[in-house]
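Please look over the sequence and the structure before reading on.

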Amino acid sequence: MTDATEADLTGGTPRPRPEGEVEKIGDRKLKPATMMMGHGYDPMLSEGALKPPIFLTSTFVFPNAAAGKRHFEGVTGKRPGGAEGLVYSRFNGPNQEILEDRLAVWEEAEDALAFSSGMSAIATLFLSMVKPGDTIVHSGPLYAATETLISRILGRFGVNWLDFPAGATREEIDAVLSKAATGNVALIYLESPANPTNALVDVEAVAASRDAIFTGDTKPPIAIDNTFLGPLWAQPLKQGADIVVYSLTKYAGGHSDLVAGGVLGSKAHINTIRLMRNTIGTICDPNTAWMLLRSLETLELRMSRAGENAAKVCEFLASHPKVEKVGYLGFLDRGEDKRQADIYRRHCTGAGSTFSLYLKGGEKEAFAFLDALKIAKLAVSLGGTETLASHPAGMTHLSVAEERKQALGITDNLVRISIGVEDADDLIADFENALKAV
Ligand SMILES: *Cc1c(COP(=O)(O)O)cnc(C)c1O
């Protein structure tokens, strides 16, 4: 048999659909929440097991030599259509394939890939798209590790970058893209809402700008990190993004017990990224994929509840005398920034459950508040069943230069909160009590 590295140039590996798979009842297309219970899995292939077993295997047996050859003809592109089955676990496995099918359902994407972390998903996306001399145009700020990856790591390999602020107008985006278009723009990379400013990116404006400035082969794909609002509250493929990136560690995993990532998009883009993932092995393991399958069954329940809780908690906090301001997407239509409110209306179906709380005072007041919390846990991350609170200036953004901190609104009185699925009134009692300690 050929060494598995032979298959490094794999394109897609479309599988035959499980028999009896239901995506429609009559004319009714089933909703993602329904499809999470069975989509992509045929119990009859696993002794009738209702839930997919965890397939702990590094390689897959071919039924006969001719079938093995056929797989490799597909995998290496000698025959169009990709492999007809599984070959080697660095490329894929049953649990990851089911996960990928189900991830794609949420955003009606053609295809999806699972990764070992959000950052390995982002790194694999970048490596598959850029070469020395290319430019990545991105919105700013980005998740700190993503910024490091673009500027400090890809920078070492001769990749350039240009950015525009997350809330930029069409004119501002045009100006940056026109400047970048003098070279080869490999990718437009967005993150919305930006952390911790919560500024939303106008994806429709970015897509219109890209389409006006670039033509044909020079047109770069638009990728967007949808970790904070997706897939329930934002679906950027609908606003013109080509590729959606996730840290599945957050809302999708949802229980603060795993690290994983995902990428969704058209078959063509996903195949380009798959080729890189097959080569470097950034796929998630079967156990994590299985845990994510369980998580996806309750995704809508968890996110809906967390969103409702956050709305109640934010109402309480906004009217509290010790609170200066609450940076919550649900309050955009009450604010002065009409443009952000307009993007919110066009792009989002919910305000999420992660927001910024500005207390009156500074670090002393913020720390007193954080230390007095009894239900909310003092930890970074977000999107879990439990409520978390942290202090960006002293924690996640500690190493950010003072000037940039001020520009981003990362002040000493800022507390970041991710609301979970606890009882909303218990959470309000916790915050009310902690505010007494301030
Ligand atoms: C957490 C996070 C990441 C990185 O994901 P990991 O799973 O920790 O690698 C990327 N983007 C955003 C917006 C995040 O919140």
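Over the face of which residue does Lys325 lie?

## Charges over rings

The model is predicted. In it, Lys325 lies over the face of Tyr358, and the distance to the ring centre is 4.7 Å. Arg277 is placed over the face of Phe115, at 5.7 Å from the centre of that ring.

## Ring pairs

A pair of aromatic rings is described by two things: the distance of the centres and the angle of the planes. Rings count as a pair if their centres lie within 6.5 Å. By this rule there are seven aromatic pairs.

## An edge-to-face pair

The ring centres of Trp233 and Tyr251 are 5.5 Å apart and the planes stand at 85 degrees, so this pair is edge-to-face. The pair links distant parts of the chain, 18 residues apart. Trp233 belongs to the loop between β7 (222-225) and β8 (243-247), while Tyr251 belongs to the loop between β8 and β9 (261-265). Trp233 and Tyr251 are both buried.

## A stacked pair

For Phe369 and Phe431, the ring centres are 6.0 Å apart and the planes are at 20 degrees, so the pair is stacked. This pair also links distant parts of the chain: Phe369 is in helix α12 (residues 363-372) and Phe431 is in helix α14 (residues 424-436), 62 residues apart. Are Phe369 and Phe431 buried or exposed? Both are buried.

## A cluster of rings

Tyr328, Phe331 and Phe355 are linked into a cluster by ring pairs.

Notes. Residues numbered from 1 in each chain as written. Predicted model: local features only at pLDDT ≥ 70, side-chain atom pairs only at ≥ 80, totals over all residues. Heavy atoms only, no water. Phe/Tyr/Trp six-rings, centres within 6.5 Å; stacked < 30°, edge-to-face > 60°. Helix = DSSP H or I, 4+ residues; strand = E, 2+ residues; numbered from the N terminus. Buried < 20%, exposed > 50% of the residue type's maximum accessible area, 1.4 Å probe, protein only. Lys NZ or Arg CZ within 6 Å of the ring centre and 35° of its normal.
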